[in-house]
Each structure stands twice: as structure tokens, then as C-alpha cells.
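Please look through the sequence and the model first, and then follow the topics below.

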Amino acid sequence: MNVCNILVIDIDPQRRETLSTLIAFVNCHAVVVENMESWLDNIADLNDIAMALVGDCGGLNQTKQLLRELVNHEARVPVFTLDYPGNEIGDFPGAIGALRFPVKYPQLNNALQQASVYKNQAENTSETEPLFRSLVGNSTKMKRVQKMIQQVSDSEANVLILGESGTGKEVVARNLHYFSSRREKPFVPVNCGAIPGELLESELFGHEKGAFTGAITARKGRFEMAEGGTLFLDEIGDMPLPMQVKLLRVLQERTFERVGSNKTQKANVRVIAATHRNLETHIDDGRFREDLFYRLNVFPIDMPALRERPEDIPLLIHELIQRIEHENRGAVRFTPAAIASLCRYSWPGNVRELANVVERLVILYPYGTVDFDDLPEKYQIEGEPLAEVITAAISARPEAAASLKISPVENFSQSPTSSNGQNNSHDLEIKMDSIPEDGLDLREHLANLEYLLIKQALDEASGVVAHAAGRLKMRRTTLVEKMRKYGIHRDIEIN
């Protein structure tokens, strides 16, 4: 979401004003509800709410009723109750936690981070499209990975995903969760290498109010947030040894305690771990516990490096472009020569590096075609002919429109002579390297061609629709309708 909207629900105007001031301080927007009877009518779209802060809604019963409506809403808004004298709501089922009022900046900032995790897991568990689209590849190694996911996804076995950074280990973990019986429950990722060792225990297991300096309110840990679902421990090789001991106990006993509490809680969580480290070397060096390794390594999955499967690069490029187009962040097309050059590169950053390159080229050549010479210099690689399996993947790539060769708008008058012997300035020469063996959707490709030409005409007319319409030999009103049809929105002059 572009704007961080925080919902504030409380009958007390002073508390609402205090919270609104703090929310503005963290560069967010407060969506304030005053009328408790019609609270939902005051909100344009709950899906645009980052989190909700709920205090007294007019008595305990009314507060509970409003909270039930909020936590059960399909938008799955992260909810925090407000803790202050006289408010008896406490920890409400479905709420992430409670914030002591007056709320301080560190509390609110921490709550926003928790809400972000909750939102991500809610979106991931509500998807209806299989996530195998993200595991793109027809290579032998990728087919092996896909088969292993199918074999182990619906079991309760712990999985250890191995591979270099950027190969897509989290994508594998999300697929394992999606195809398991736990898919309706949360998927909670934790990067063990990004959290300081002294904070990792609280992050995983939560803490009670007053457990340590700064623990001004109780907080759920990732194990509680993942209850019934999947906990993904990324970069497990960077976990400190003292935490490895505590994690081993949880995996063995299926129980844990919050920091500062002696109350034992059950952990109905499937654990998936991942690392780019060589854990067996770490064991020899005394940096990783051997018993924890065998507990995690029940079913290992090795993710191949991108340089080991260059035949998948054309499909990956297509997938990345589709994702960018779906998010309305632009589009770009690649010539076969450009793709062939990318297939020769060694990709030390793997799929993550490829994604960065595609995104950069979308910015540099919006709605254009990238050829060999347009690639960044380090990716311009000429060499021996590619293997037949790679050239076949390039020629059979799904985005057949990428091989369309379109004459620029200003060269329309240079089109070939028509069959009646007269030069027709409205003719447009379009060439394709080849039509895919399984055919193509002509209507879709013509629509794509029309879209690209409209964008080009608008760019060359500096966004003035009337001038662009003249270049395309159509009425201005017709062009405006086509822009609406294709969802072309920009700062343009339509008069």
C-alpha cells in the first residue's frame, strides 16, 4: 500500500487526538472512528488499513462486539487493543497484542513491524493461485525440486532447504506451506541472521511485560503467530549456539515459554529451515549443533544455482516481466539476442540478481524492446553457440510478442508499397522470428501491439493526447477511450 493508514477506534476524543499526533509523527495517516454504531461506514476500504488500535468502544460488551467484527473481517486487519486504567478488554482473541496508553514511539514502531508480518502471512494464505508459478523452470534440476515439494509438502517432516543466496529458498518454503494441510493457517518467516542474538529469543518465543528493560508490554513471538501453520527459519546457519539449544528443545518437546514467564505453551508449528552455509563444516568448527542439524535435516532440498540451469532463464524473464506488468510498474520486451547474452552470464546473485536486472531495464526502456546493445555492459556476453536446450527455450518462450519487430511511429510513411502498387502510409510492417509451434492468440497480440503504439505515441507527444491522436490518425476521444481500456494512467494533458 502506498499510504500507511492506521485505524483508531476509541470514544475518548483526547486519546484519539494523542494517537493521531503520534501516528502522524511516524509518517502514517490516522483513520479515526468516532461513531461506534456505524464504524465500518467511515472506512473506504479495510484492505488499505495497515493496522488498527482499539480502545473503549462504549463499554466492555460493545468493545468486544466491535473487536469480533474487526478480527473476523475478510480484510484480516492486524488489531492491537489499548491498555489503560478502566479498559478491561485485555488480550482479545484474534488481536496481535495490547499497547499501553499513552503509546510511545518505540511501541508503535514495533507494532507496525508485527502488523506487517501479519499482513504478509494473511496475503500468502489467502492466495488462490498455486505458487508453483514462482518456481519457474523446465530444467531437470528444477523438476526434481518440484517433485520433492510434492512428495513432502503434506507431511509433518521438518525440511532443510539448501542453496546459494538468491536461489529462491523462501519460494520453496512458501510452496511447501501452500500445498500442505496447513495452508489456511499462517506462514511466518524469520531471518535468523538479521536479528541480534540477544533479541532472537524474544522474537521467536515472545515476552511478558517487564521481562527485561524496554518490555513495556507483553508480546507474542513468531511461534505463537505461526500456531497451526508454518514457521520458516531463514539463514538458520547464523543462529547463535545458545539459541540453537533452545530451538532444539522446542523441536523435541513441542513446547516453549515466553521470556519472563514460566507458563508452558504448546507449539503446533511445522518448522522449515534454510541456509546458504555449509552446516556440516559449521558442525566441524563447533558453530552448529550436530543434534539440531539432524533434527532439521529430515528432508533436505537443494536449490540449484541459476548458472546450473541457464535453460530456465527465458522462462524466468517472462515470469518477472509478467509480475511487473501485473503490479502496473511498466513493461519491457527482450530480443532473442539479449536473452541469449543473459543465458551466458554466470549470475553470482542468482534469481535475485536477474530480477534486479529486469526491473532496471523496465525503468530504462519503458514499454520498449531491449536488444543486446541495450544490456548493461557486464551482461553483454558473446561466445560459443548456446546448447540446443537453451536455444530451444529462447525460441519457445511464452512471450512470443517479445520477438515482434515494430516500425517506429514516425516511420509509418516508409511502409512497403501495397498490393495495388500505391504507397499506403497506413501500412505497418510487423515481423516475427517465428510463430510458436502451439500457435498464438492473434487478438491478444494485436491488442499488445496497439497498447505499445499508444504508449509510444504518448511518449513522443510529451503526454498531449491530442497530438498523440494526430500521430495515430484517430480522434482524440477514441484515443482517450482506448487509454481507459488499457488502463493507461499518467500525468497527461487531455485538452
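What covers the buried residues of α13? The cover includes α11, β13 (333–334) and β14 (369–370), where cover is judged by contact, meaning heavy atoms within 4.5 Å. This is a predicted model, in which local features need pLDDT of at least 70 and side-chain atom pairs count only at pLDDT 80 or more, while totals for chains, interfaces and linings use all residues. Residues are numbered from 1 along each chain as its sequence is written, and side-chain values use heavy atoms, with hydrogens and water left out. Helices (H or I, at least four residues) and strands (E, at least two) are DSSP runs, numbered from the N terminus.

**Helix α13**
- Helix α13 (residues 350–364) has 15 residues and reaches 22 Å from its first C-alpha to its last, which is close to the 21 Å expected at 1.5 Å a residue; the expected span is 1.5 Å times one less than the number of residues.
- N350, V351, E353, L354, V357, V358, L361 and V362 of α13 are buried, where buried means under 20% relative accessible area, exposed over 50% and partly exposed in between (1.4 Å probe, protein chains only).

**Helices α11 and α12**
- Helix α11 (residues 313–326) and helix α12 (residues 336–344) pack at an angle of about 115 degrees, with their axes 10 Å apart; axes are lines fitted to C-alpha atoms, for helices over the stretch in contact, and angles run from 0 to 180 degrees between N-to-C directions.
- The contact is made by I313, P314 and I317 of α11 together with I339, L342 and C343 of α12.
- Q322 lies in helix α11 and is partly exposed, with a relative accessible area of 31%.
- Q322 and V332 are ten residues apart in sequence, and their C-alpha atoms are 9.7 Å apart in space.

**The open sheet**
- Five strands form an open sheet in the order β2-β1-β3-β4-β5, with parallel pairing; two strands pair if DSSP finds at least two bridges between them.
- The edge strands are β2 (29–33) and β5 (97–100), each of which pairs on one side only.
- Neighbouring strands of this sheet are turned by 30 degrees against each other on average, direction ignored.
- Strand β1 (residues 5–9) pairs with β2 in the parallel sense over five bridges, and N5 stands opposite H29 in β2.
- Helix α1 (residues 13–25) lies across β1, β2, β3 (49–54) and β4 (79–83), and runs at about 160 degrees to β2.
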